[in-house]
Structures are given as structure tokens and as C-alpha cells.
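Here is a short briefing on how parts of this model meet, first inside one chain and then between chains. Have the structure open as you read.

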Amino acid sequence: MIACRQVAKALANHRYYELPWYRRIPMFIHIRLCVMCGKYHQQIVDVQRGVHDYLEHEDAGDIETHVHLSDEAKARIAEAMEQK
Amino acid sequence: MNDKELPNPEEWLSEHGDYLFQFAFVRLHNRAAAEDAVQETFLAGIKALDRYDGKTPIRYWLRGILRHKVVDYIRKASREIAVDDTESGEILDSFKFKAFGIAEQHPPDWKFNPGHAYEQKEFWEVFYSCMSKLPKATGLAFTLRELEGISTKDICKELNMKPNNVWVVLHRARTQLKSCLEENWTRN
């Protein structure tokens, strides 16, 4: 049985599904049996899912932020495009 | 493009400028660099306009050019910035271990429910803001891996790092992102 420390380090260093099967099986068993490692794994998965969902929203163009090109930047870009 | 009209570059700035800037800013963590990347994208787009086939919406075609500009910038920036990839025990900071590497206490709970938050439109603005705030060196590695899907092997080449160190930096980025979300998303 692998220890929690090994599980935490492996999860930090690799994506679970990218691990070779001979490392994934003992990890899978440990994560299922150990509440603490299961929770830690879930938190990493949640962040990765967040990034994945973010990219889908970004692709659809429905991320609304307050980040915009400044007027100065717009003027500079417009000038550069005119000269092209 | 045969019988279709070429898109008008004069409209690009007003129609796609902010979208492309947001796209670049969250990846480069630097306003000036993101502005330059957008400008270079438009100029490259004008130059390559005769190769635009009209099948892809112009916004996505420009975004494709911008992706290359972003990676080029990161490649250049990596020579100037030092990525702190020392492990220093922080990778395991969510855990306390007792003898034989057995965990002693639970990692702290999320202060919100990610499943609910991901359903809410306003959450993504916070998510965007948190990703933009990642420290530059950490953020650039995060951009390459998580946003651009570049393999660890290629990131090692681009950032001149060892694979394990890349994962240390990525883990740090995820931890910082999680902390920022917990701090800034107070709804449940």
C-alpha cells in the first residue's frame, strides 16, 4: 500500500490519467479508501475542471470582464494598422 | 476565398480588439505585452489576409494567429524571467504527515461549492481575474499547459526546466488559483 505522502506528490506532479497503469491502480485504491487523499484529489480535479469549463466559455465568447484595451492602445494599434 | 468578400481590417479593432486583448491578457499576465500581441496579430492578419479561406469566423482566425504570438512572447520572456521551481516542501503544504508518510489532517475544505459556482455566469469573471493575477513566471507555465494544452515535454524546452519542476510550478499555480477563488467568490 502506498503512503499518503506518495499520493500527494504524484498528484501534484502528474495528472492522474497520465500516470502509467501500474502507478494508477495503487493510487486509485488509495484514493478510494483514504478520505484525506480522496478530498485532495477531488480539489485538484475541481480546479482542472474549472479551467476546462473556462475555456469552453471563452470559446463561446461569453466571458464578461472589465479588462479592455485602453484608448491609448486602441489609438496606437489603429495607427499601426493604417500604416500597414 | 472565391466569391466571398474579404473581411475589412478597419472593423477588426472595434469588433474583436477587446476580445483578443482579454484572451492575451489572461495568458500573458502583462498589459503591455497583451496590447503588443493584439497589435502584432492584426498586422499579421492584414499581411496574411489573402490566405483567409472564409470558412472560419474572422475572430477565430485572428485568435489562431494570437495563440502563436502568445507562445512566441512566452518563449522570449522565459529567457528574461527566472521561474522559481524549488519545491521547498510547499507542494505538500495542504497535508500534514505523521510517521510512514500517512496524512494526519484533512486538506482544508473549499469555502464554496465548485459544482454550483461553475454554473454561474458571474463566477467566470472572478475565475478570469484570478488566472490573470497569477505571478508572471508561474502564470506563463500555467498558460502553456492548461490554456494552450502544450505538453510538459515541450514546456520543459520552452522554459528550460526539468519535468518535475514544471509540475511543481503548475501545482503552485493551481493552489494559488484555488486560494484566490476562495477569497473572491463568496457566494455558494
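Within chain B, 11 residues of domain 1 are in contact with 14 residues of domain 2, where contact means that the C-beta atoms of two residues, placed from the backbone, lie within 7 Å. Please keep in mind that this is a predicted model, in which local features need pLDDT of at least 70, side-chain atom pairs count only at pLDDT 80 or more, and totals for chains, interfaces and linings use all residues. Residues are numbered from 1 along each chain as its sequence is written, while chains are lettered from A and ligands numbered from 1 in the order in which they are written.

**Domains of chain B**

- Domain 1 of chain B covers 9-80 and domain 2 covers 90-184, with bounds from an automatic or database domain assignment.
- The C-alpha centres of these two domains of chain B are 26 Å apart.

**Domain 1 side of the domain contact**

- On the side of domain 1 of chain B that touches domain 2, α1 and α3 (58-80) of chain B each give two or more residues; helices are DSSP runs of H or I with at least four residues, numbered from the N terminus.
- α3(B) supplies the largest share of that side, six residues.
- By class, that side has five nonpolar, three polar and three charged residues; Ala, Val, Leu, Ile, Met, Phe, Trp, Tyr, Cys and Pro count as nonpolar, Asp, Glu, Lys and Arg as charged, and the others, Gly among them, as polar.

**Contact between the chains**

- Chain B brings 40 residues to the contact and chain A brings 37 residues.
- α1(B) gives the most to the chain B side, with seven residues.
- The chain B side divides into 26 nonpolar, eight polar and six charged residues.
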